[in-house]
Amino acid sequence: MLKMREVLVTAFSTSSSGGTMPFTMKTTEQELGVSKPVSGFVIPLGATINMDGTALFQGVSAIFLANIYGIPLTLFDQVSIVGLAVVASIGTAAVPGVGIVILTLILVAVRIPPEGILFILPVNNILDMARTAVNVMGDMTCAIYIDAVEKQREESPTSPSTAATQELNPTT
């Protein structure tokens, strides 16, 4: 976590996982020991589709606004909010403030007045900063995990091709 600190502070202060990506990749490779091929694949992919913080924000905000307006949410509405938040967060650009635009789509879909966003706007910037830090930490954690799995697979004494050869020729 200490090795991630500078990247997380940068992500927090810029509110942009896309803008933080070069620094994230450099730190993941140099400080955390992740191979360049894994980092080069996982970090950009994560900056594009790993918007966990944004999905959480959108779901919580929609339910919060439904409560403010006294709108009862059916189970279908709640599942719709979760589904739309996850799908929309995958397609969300890695730039500051875009989560609020996607939230409008979710609110309209479940019949919550979109002007309720005005309740969220005063704290949106600080929430956006925190969401970005969560997303970038998730990207780095995923890269570390995938790199560890790849290294373990490479070091494994019995790879699938070796096991098949041993079954065919048991004398070796």
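Predicted model: local features only at pLDDT ≥ 70, side-chain atom pairs only at ≥ 80, totals over all residues.
1. Ground rules. Residues are numbered from 1 along each chain as its sequence is written, and local features need pLDDT of at least 70, side-chain atom pairs count only at pLDDT 80 or more, while totals for chains, interfaces and linings use all residues. Side-chain values rest on heavy atoms, with hydrogens and water left out.

2. α4 against α5. The axes of helix α4 (residues 52-69) and helix α5 (residues 75-90) come within 8 Å and cross at roughly 145 degrees. Helices here are DSSP runs (H or I, at least four residues), numbered from the N terminus; axes are lines fitted to C-alpha atoms over the stretch in contact, with angles from 0 to 180 degrees between N-to-C directions. The crossing is right-handed (near helix turned clockwise from the far one by less than a right angle). On the α4 side the contact uses T54, A55, Q58, G59, A62 and I63, and on the α5 side I81, A85, V86, A88 and S89; contact means heavy atoms within 4.5 Å. These residues split into seven nonpolar, four polar and no charged (Ala, Val, Leu, Ile, Met, Phe, Trp, Tyr, Cys and Pro count as nonpolar, Asp, Glu, Lys and Arg as charged, the others, Gly among them, as polar).

3. α3 against α7. Helix α3 (residues 36-49) packs with α7 at an angle of about 145 degrees, axes 9 Å apart, and this crossing is right-handed. V38, V42, I43, G46 and A47 of α3 meet D139, M140, C142, A143, I146, D147 and E150 of α7. The tally for this contact is eight nonpolar, one polar and three charged.

4. Leaving aside residues up to four places away in sequence, A62 touches I81, L103, I106, L107 and I112.

5. Most residues other than glycine have a negative phi. S15, in the loop between α1 (5-14) and α2 (17-30), has a positive phi of about 55 degrees. S15 counts as buried at 10% relative accessibility (buried is under 20% relative accessible area, exposed over 50%, partly exposed in between; 1.4 Å probe, protein chains only). R111 has a positive phi near 60 degrees and sits in the loop between α6 (98-109) and α7 (117-155). R111 is exposed, at 58%.

How values were computed:
Helix = DSSP H or I, 4+ residues; strand = E, 2+ residues; numbered from the N terminus.
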